Amino acid sequence: MLRIWGRENSSNVKKVLWCAEELELAYERIPAGGRHGVVDDPAYRALNPNGLVPTIEDDGLVLWESNAIVRYLAARYGDGVLWQSDPVRRAGADRWMDFSNSSLAAPYRDLMVNLVRSPPEKRDMRVVEAAVARLGQMLGHVDAALADQPYLSGEALGIGDIPAGTLVQAWFALPIERPELSRLAGWFARLSERPAYRKAVLIPLT
Ligand SMILES: N[C@@H](CCC(=O)N[C@@H](CS)C(=O)NCC(=O)O)C(=O)O
């Protein structure tokens with residue numbers, strides 16, 4: 001059975017759990033990272049030398065890096081569902097996975113560290129302000145892409161929606177001022193109707 005190591009409040013772990021839920025895969029989740037520890041155990045380091053989560057083991061394959069895991073699970077178990085075999089359609093979705101890592105993840109992390117994981121007296125509000133501005137600007141690109149299609153992956157949910165869809169939860173949940181991005185809000189509403197998203201992603205931010 002698929003095994004997934006990681007704490008459920010990690011955005012990178014959520015991507016993998018959401019993907020597994022969408023594909024209706026049977027899996028075992030082993031809590032790891034944060035207060036659970038485990039990631040510094042030699043046995044875990046042998047699986048993932050970075051000591052980060054998530055890591056998976058599936059049918060003898062050990063894999064880390066959340067986006068690579070999502071691609072693997074979708075390609076192996078979700079052809080025609082989350083995975084598009086047509087290279088052109090897949091590239092259109094795949095691009096948003098890299099965009100999420102390169103442009104959304106850093107300001108998202110700044111918001112989480114300051115507004116969720118730090119007590120008020122330890123928050124750096126200048127960092128928060130810059131992160132809100134940067135994330136708003138970058139999510140503007142997502143909003144624009146959704147003018148022509150209901151999902152970042154095209155007409156249906158796919159790999160391209162998973163990383164950005166995971167991070168956008170915080171954008172709508174945190175007490176910040178948001179620019180009006182109606183297509184982004186519509187996409188988030190569509191995601192929020194999905195049982196897999198509700199189970200893996202729409203849990204309290206901690
Ligand atoms: N690029 C990696 C980043 C992994 C990562 O930074 N994971 C964080 C949680 S989101 C982590 O393991 N933090 C240490 C911990 O939880 O103990 C991925 O996408 O999998």
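Buried area is the accessible area, taken with a 1.4 Å probe, that two parts lose on being put together, summed over both. The structure is a predicted model, in which local features need pLDDT of at least 70 and side-chain atom pairs count only at pLDDT 80 or more, while totals for chains, interfaces and linings use all residues. Residues are numbered from 1 along each chain as its sequence is written, and side-chain values use heavy atoms, with hydrogens and water left out.

**Domains and their interface**

The protein is divided into domain 1 (2-77) and domain 2 (87-198), with bounds that come from an automatic or database domain assignment. The contact (heavy atoms within 4.5 Å) takes 13 residues from domain 1 and 19 residues from domain 2. Between domain 1 and domain 2 an area of about 1,400 Å² is buried, and carbon and sulfur atoms give 60% of this area. The rule for a salt bridge, a side-chain nitrogen of Lys or Arg within 4 Å of a carboxyl oxygen of Asp or Glu, finds 3 across the interface of domain 1 and domain 2.

**Pockets and cavities**

The search uses a 1 Å grid over the protein atoms alone: a cavity is a set of points where a 1.4 Å probe fits but cannot get out, a pocket is an open set with protein on both sides within 12 Å along at least five of seven lines, and lining residues have an atom within 4 Å of a point. Grid points are joined across faces, edges and corners, and a volume is the space filled by probe spheres set on the points.

| Space | Volume |
|---|---|
| Largest pocket | About 570 Å³ |
| Second largest pocket | About 150 Å³ |
| Largest cavity | About 50 Å³ |
| Second largest cavity | About 40 Å³ |

Domain 1 and domain 2 both give residues to the lining of the largest pocket, so this pocket lies between them. Its lining has 28 residues, and Ser 10, Ser 11, Asn 12, Val 53 and Arg 109 lie nearest the centre. α4 gives the most to this lining, with 7 residues; helices are DSSP runs of H or I with at least four residues, numbered from the N terminus.

The second largest pocket has residues including Arg 7, Glu 8, Arg 29 and Arg 35 in its lining.

The second largest cavity is lined by Leu 104, Leu 135, Leu 139, Ala 164, Leu 167, Val 168 and Trp 171. α6 gives the most to the lining of this cavity, with 4 residues.

Definitions and conventions: Helices (H or I, at least four residues) and strands (E, at least two) are DSSP runs, numbered from the N terminus.
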